[in-house]
Amino acid sequence: MAEVGRVAVSDPGSRLLPGGFWAAVTVWVERPQVANKRLCGVRLEARRSVSLPQIGHTHPGPSAGPEPERLAEAGGCGPDAGPGPVWRSLDAGPGPGPTASPDQGRQEAQGRRQPEEEPGEAAAAAATQLSGTPGQPGKAAAREGDLPAADLGALWDVFAQSLAGDNREVLAFLTRSGAGSPPEGRRELDLVLRTVIPKTNLHCPLRGPRREMVLQDVLSGAVTFLPLEEDDEGNLKVKMSNVYQIQLSHSKGEWFISVLIFCPERWHSDGTVYPKPTWLGEELLARLARWCVESRQSGFKSTLSLVSVMKYSAAYQALKEKYKDMVKVWPEVTDPEKFVYEDVAIAAYLLILWEEERAERGETARQSFVDLGCGNGLLVHILSSEGHPGRGIDVRRRKIWDMYGPQTRLEESAITPNDKSLFPDVDWLIGNHSDELTPWIPVIAARSSYNCRFFVLPCCFFDFIGKFQRTQSSKTQYRGYLDFITEVGSACGFHVEEDCLRIPSTKRVCLIGKSRTYPPTREASVDEERTRYINSRRGCPRSPCSGGPALPPPGAAPSSAPGPKGHGALDARPAHTAEAGAGQQGAGAPAEGLWMSGFQPREKAERLRNCAALPREFVDRVILQVAHLLLGRSPAGGSAQAWNRGGSLSLAEVAGELDRETLQRLKRECGGLQTLLRNSPQVFQVLHGRVRIRDWREERPRKKEEPEAKRRPSSDTFKTRICWFFAHHPDGCVLPADCCPFAHGPGELRPAPRTKKKKPAL
């Protein structure tokens, strides 16, 4: 036995520990890919209570079966020390918090870590579970290779018998006692069987999933990882060479976390599931120590909670390899790597989601789809190429559409929510960053047919008409908008599920409506409720779930309050219902069956809103006004001969000095004042919400011995614009004329180069 790492954790007054330790351990047990980037995730297969054998007993007693939830406290964990972990039996779900229902014995448990994700969010999610906050049920599915709980008990019984016999050193390691000393009394421990799933690598196909038993002893503050391997007869047994333990200890008023390896001289590292001991003792230990005291809250689910992570990993790697060349020929101005790999990940998710749906329904035909607001159309191209019939619709054609070929159906058309925008023969409607169409997609799906489902990945915040307005300051705008779209789906009669994708984006949460809350015979009455709900949002972008009147469930009896029939003042009945027809329209219904007047689809010609289209005189006036504000904030005590570099102001302080008309004009641009100032990097530096005059002496010094082409920022743009400081700064330019990349007067001015028209890549 050897200690490979030990770190002190600062927790004055023991407010977070030991509860925070178990929150951090939960992350490593259920979401190890948060720390180990070579893993895809884990699958929790079984959980039960067990007990260690006592010295003097030849055979241990039978493993304790599932029992009701119990609260275990580690040393000093009481009301003042923070919550201890709540353990559930297998019947209550696989996680250490409220997760699955009794008939949902196994679930996928995956981590949320992405390149842009903070690890503390995962620890916070685990801490939320440990504190007993109600969670949502996990998805139960029979996965390949799952072991029932009885097999976990049999595995433990065989291992426990060896502990009572020849493996007493292992028993001492598990109980944190000296060699040969018996464990103090008989107590129950929590045993988890998990499958660790490495990332699929086409160049290294031999790395397969590995199983582990995880023994959690809350009273002793220790969690032991017991990897399993097959013997010559195909039976699972503990791989003693790779047993390790994470411990929490308290000494002289200070908390410590340590990692111990039972047999360090025989440790075998495969670089993936079993990292090197130095990594466990340094990288993992440092992360655990940080997670122990982090209290950041997260209101989002774990990634890929609704699909098999093992299948997703394989599908993602295959699609990534198949479509990676798209990055090289991307003709759009957008970042090719972000958009290609994001759409590949979304496609992989949908393909696995639909594959599992076909298995649940006992169907073989691949689902059809329509992508509303398909943008570059790459998602449509991938799904179509993988055998799913479908098409994409967008208000504006993209250059890349011509590259896909005739098998990818893309249409340039505006979608307006009305009777003509229904898709009765389509299985799924997709809204991938569909902007103003996002809240309408559940409505369109519900009215297209009873069997139509939807998938939306919300990004920009739109209500049925105009921008979505947040009404609860306790939620982020993103969380509030997701709740609003969930509410829309529920009002339309869907069971709405939420999942988090693994994509390079800060907006990664998708909402899925796969089934209805009502039978087909109630379609007419439920659609009346949809109509009333949409009308309730008219002119008042307020979410009922966040302060408005409560919304009756679609299955409830219709209200007796006067209101429109069918789609009412919004519209006639949809085309797929028996009551459809012009004769059913109300007298005040808008023309052409509009569901709500005032909806504005996106303009076909994309208007620049990055301040680049503002009049030059307006931009110059704002720049000069802000510069004078900054120059007037010069620090006191400066030398009279020194060049005046001015002071620093926050963007809010600058905005407070501008007139109302100027602010209103900037508000109509994306980013407003900040964008305008950042568009003038010759004059300003904008960093962390503050702006100051740029001092060109702080730029990278140019070496005089460098060739002239290297000394210039660009041989084409050198001296093609007048130096703002030469023309407007009271002290002139801080650089001499030969060092300044801008012209000091008309005499130095060179003609601007002619822009060459780029040919689209083929």
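Two strands count as paired if DSSP finds at least two bridges between them. This is a predicted model.

**Stop 1: the sheet.** Look across from Phe 684: Ile 693 in E21 stands opposite. Now show the whole sheet. It is open, with three antiparallel strands in the order E19-E21-E20. Strand E19 (648–650) and strand E20 (684–687) are the edges, each pairing on one side only. On average, neighbouring strands are turned by 25° against each other, direction ignored.

**Stop 2**

**Stop 3: aromatic rings.** The model holds 24 aromatic pairs. Select Phe 21 and Trp 22. Their ring centres are 5.1 Å apart and their planes stand at 75°, so this pair is edge-to-face. Phe 21 is buried, at 1% relative accessible area. Trp 22 is buried too, at 0%.

Next, select Phe 461 and Tyr 481. Their centres lie 5.2 Å apart with planes at 55°, so the pair is tilted. Phe 461 sits in the loop between strand E16 and helix H11, Tyr 481 in helix H11, 20 residues apart. Both belong to a cluster linked by ring pairs, whose members include Trp 440, Tyr 533 and Trp 595.

**Stop 4: charges over rings.** Select Arg 6. Its charged end sits over the ring of Phe 256, 4.3 Å from the centre. Finish at Arg 516, which lies over the face of Tyr 450 at 5.2 Å from the ring centre.

Terms used. Residues are numbered from 1 along each chain as its sequence is written. This is a predicted model: local features need pLDDT of at least 70, side-chain atom pairs count only at pLDDT 80 or more; totals for chains, interfaces and linings use all residues. Side-chain values use heavy atoms; hydrogens and water are left out. Helices (H or I, at least four residues) and strands (E, at least two) are DSSP runs, numbered from the N terminus. Axes are lines fitted to C-alpha atoms, for helices over the stretch in contact, and angles run from 0 to 180 degrees between N-to-C directions. Rings of Phe, Tyr and Trp (its six-membered ring) pair if their centres lie within 6.5 Å; planes under 30 degrees apart count as stacked, over 60 as edge-to-face and the rest as tilted. Buried means under 20% relative accessible area, exposed over 50%, partly exposed in between (1.4 Å probe, protein chains only). A charge sits over a ring if NZ of Lys or CZ of Arg is within 6 Å of the ring centre and within 35 degrees of the ring normal.
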